[in-house]
Amino acid sequence: MANEQWILIIEDEEDLARLLEKVLHKESIFNVLTAGTVADGWKKFQHYNPALVLLDIMLPDGEGYDLCKQIREVSNVPILFLSAKDEEIDKLLGLAIGGDDYITKPFSPKEVAYRVKAQLRRAGFSEAKDAPESLQVGPFELSPNEKELKTDGKTIELTAKEIGLMSCFMHHPNQILSKETLFEHVWGDDFFGSDNTVMVHIRRLREKIEAEPSNPSFILTVKGLGYKLHSKG
């Protein structure tokens, strides 16, 4: 996990957490974790060592302020408070104990995504520069216009959706991508239970790029989480 950049959302409003996760996915931030309590948030923070934390203040088992102090004892990762408390004293307290930003509810999820990206840039996680002439991951090479995939110099005939899946995987090698993320990225629509659609296309893609589709070396299933492209195969 050391090479993966995780964002941790600690928010007990499940619908809001899912909305934030979806907006971050649309901004190409795919490794997003959620937690609904202080205890679960701290556990996931310790396990995943996230690059940034979105932290609600009022949580079922405690206050985000206390968790912020706990995190600050071991890490300087950016912490963005999310709160319905909009008094100036609350904002000042959040910043004084180590918060990097304070966002009051209700807010624009897209604005939160932009603030997240700004904090990541300041923390040294630069965004991608100009795209290379072609994208190379392991034995695979994706053309600049992302319409042709080659392996060992040979062109593999893929459908548009299969190219879309490979593009998503190759832009995020060794990162776990959920079925929801893949569907929204490739089909450009909300997931809403399109589980079988993704599975069928992954199976067909494996039949074209894997030596043993039933025992894949590249597109691996991560049980309960999704899929990832293993760059070395």
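**Reading helix packing and a parallel sheet**

Tutor: Helix 2 and helix 3 are roughly parallel to each other; angles under 35 degrees count as roughly parallel, over 145 as roughly antiparallel, 65 to 115 as roughly perpendicular and the rest as oblique. The model is predicted, so local features need pLDDT of at least 70 and side-chain atom pairs count only at pLDDT 80 or more, whereas totals for chains, interfaces and linings use all residues. Residues are numbered from 1 along each chain as its sequence is written, and side-chain values use heavy atoms, with hydrogens and water left out.

Student: At what angle do helix 2 and helix 3 pack, and how far apart are their axes?

Tutor: Two packed helices are described by the angle between their axes and the distance between the axes. Here, helix 2 (residues 38–48) and helix 3 (residues 64–72) pack at about 20 degrees, with axes 10 Å apart. Axes are lines fitted to C-alpha atoms, for helices over the stretch in contact, and angles run from 0 to 180 degrees between N-to-C directions. Helices (H or I, at least four residues) and strands (E, at least two) are DSSP runs, numbered from the N terminus.

Student: Which residues make the contact of helix 2 and helix 3?

Tutor: Contact means heavy atoms within 4.5 Å. Val38, Trp42 and Phe45 of helix 2 meet Leu67, Gln70 and Ile71 of helix 3. By class, these are 5 nonpolar, 1 polar and no charged residues. Ala, Val, Leu, Ile, Met, Phe, Trp, Tyr, Cys and Pro count as nonpolar, Asp, Glu, Lys and Arg as charged, and the others, Gly among them, as polar.

Student: At what angle do helix 6 and helix 7 pack?

Tutor: Helix 6 (residues 160–171) and helix 7 (residues 179–186) pack at about 120 degrees, their axes being 9 Å apart. That makes helix 6 oblique to helix 7.

Student: What is the strand order of the open sheet?

Tutor: Strands of a sheet pair through backbone hydrogen bonds, either parallel or antiparallel. This open sheet has 5 strands in the order 2-1-3-6-7, with parallel pairing; two strands pair if DSSP finds at least two bridges between them. Strand 2 (32–35) and strand 7 (101–104) stand at the edges, each with a single partner strand, so one side of each lacks a neighbour in the sheet. Strand 6 (residues 79–83) is joined to strand 7 by 4 bridges.

Student: Which strands does helix 3 touch?

Tutor: Helix 3 packs on the sheet and touches strand 1 (7–10), strand 3 (52–56), strand 6 and strand 7. The direction of helix 3 makes about 175 degrees with that of strand 6.
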